[in-house]
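Please keep the sequence and the structure in view while reading.

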Amino acid sequence: MAGVASSSRQRSRIAPYLMVLPALVYLAVFFVVPFFSLARTSLSETAGSVFMPTLTFAWDFGNYTEAFTLYRDQIFRSFGYAFVATILCLLLAFPLAYVIAFKAGRFKNLILGLVILPFFVTFLIRTIAWKTILADEGWVVSALGTVGLLPDEGRLLSTSWAVIGGLTYNWIIFMILPLYVSLEKIDPRLLEASKDLYSSTPRSFRRVILPLSMPGVLAGSMLVFIPAVGDFINADYLGSTQTTMIGNVIQKQFLVVKDYPAAAALSLGLMLLILVGVLLYTRALGTEDLV
């Protein structure tokens, strides 16, 4: 009996490791190995022709210096666009998530379905649709010009705001859903108690709703900001040469110029910058309730 009990305890200790083993193998194959390959490429030198380049590992840290010097403007622009898009997503998504969580009643599932429905359409198709909507001869430009919000010969397409608008639209779903989940967890009796204590609606929002919804704000902000920084589709279709983002540069370096070390250096550097920003952001807001 003692031997059976000992064997059972040993299996119970091993079981958790066996359960996470597939995930660890997946991460090793599709994250760790490509990460080290990217790091090795970023420190290599290119030789041969443009059509058939060969890479030689040479600890060339100059790739990082050159890449971040040449494309400093695109990096700052990408972080700026992503930051503004994240703020806009938060401002637009919070009221909608609040209404779904507290006011929708039996229409909650219907509204959620309507929110999610457009995102069943391919990312690229949605972006091209916005290119059509914001075109110079489109009804949006005509309407804004009629009410005086656009000057004569003014345009929306190929501007910074068009790119930011595309980023906001394409990633807002990743802000709505975390906010909705956090708001739905709030006990309505807490709001009733704040009113019983003569708290005004703005004060209840600041002292009750906003603090309790911070896990959703944190999760949604990261889910929007991180992919928005590296996005290149919106800048390609809705922007111009003056609104190029770092994702466009990396794409061109990999697929057109075929300067793999520079592209790898930009990619790895961007990953590290985002990681540092996320760590600082999560430390500032706290992650205790982010579960």
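A residue counts as buried if its relative accessible area is under 20%, as exposed if that area is over 50%, and as partly exposed in between. The model discussed here is predicted.

**Annotated spans**
- An unreviewed UniProt entry places the feature "transmembrane region" at several spans, including residues 79-102 and 109-129.
- Residues 79-102 are 100% helix and 0% strand, and the end C-alpha atoms of this span lie 34 Å apart.
- Residues 109-129 are 71% helix and 0% strand, with 27 Å between the end C-alpha atoms.

**Helices H3 and H11**
- The axes of helix H3 (residues 72-103) and helix H11 (residues 214-230) come within 9 Å and cross at roughly 145°.
- The crossing of H3 with H11 is right-handed.
- Among the residues making this contact are Phe83 and Phe94 of H3, together with Val224 and Phe225 of H11.
- The contact residues comprise eleven nonpolar, three polar and no charged.

**Aromatic pairs**
- The whole structure contains 13 aromatic pairs.
- The ring centres of phenylalanine 94 and phenylalanine 205 are 5.5 Å apart and the planes stand at 75°, so this pair is edge-to-face.
- Phenylalanine 94 belongs to helix H3 and phenylalanine 205 to helix H10 (residues 201-212), 111 residues apart in the chain.
- Phenylalanine 205 is partly exposed, at 32% relative accessibility.
- Phenylalanine 119 and tyrosine 169 form a stacked pair, because their ring centres are 5.8 Å apart and their planes are at 25°.
- Tyrosine 169 is partly exposed, with a relative accessible area of 25%.
- Phe31, Phe35 and Phe36 make up one aromatic cluster.

Conventions. Residues numbered from 1 in each chain as written. Predicted model: local features only at pLDDT ≥ 70, side-chain atom pairs only at ≥ 80, totals over all residues. Heavy atoms only, no water. UniProt positions renumbered as here; feature names shortened; annotations may be inferred. Helix = DSSP H or I, 4+ residues; strand = E, 2+ residues; numbered from the N terminus. Axes fitted to C-alpha atoms, helices over the stretch in contact; angles between N-to-C directions. Left-handed = near helix turned anticlockwise from the far one by under 90°. Contact = heavy atoms within 4.5 Å. Nonpolar A, V, L, I, M, F, W, Y, C, P; charged D, E, K, R; others polar. Phe/Tyr/Trp six-rings, centres within 6.5 Å; stacked < 30°, edge-to-face > 60°. Buried < 20%, exposed > 50% of the residue type's maximum accessible area, 1.4 Å probe, protein only.
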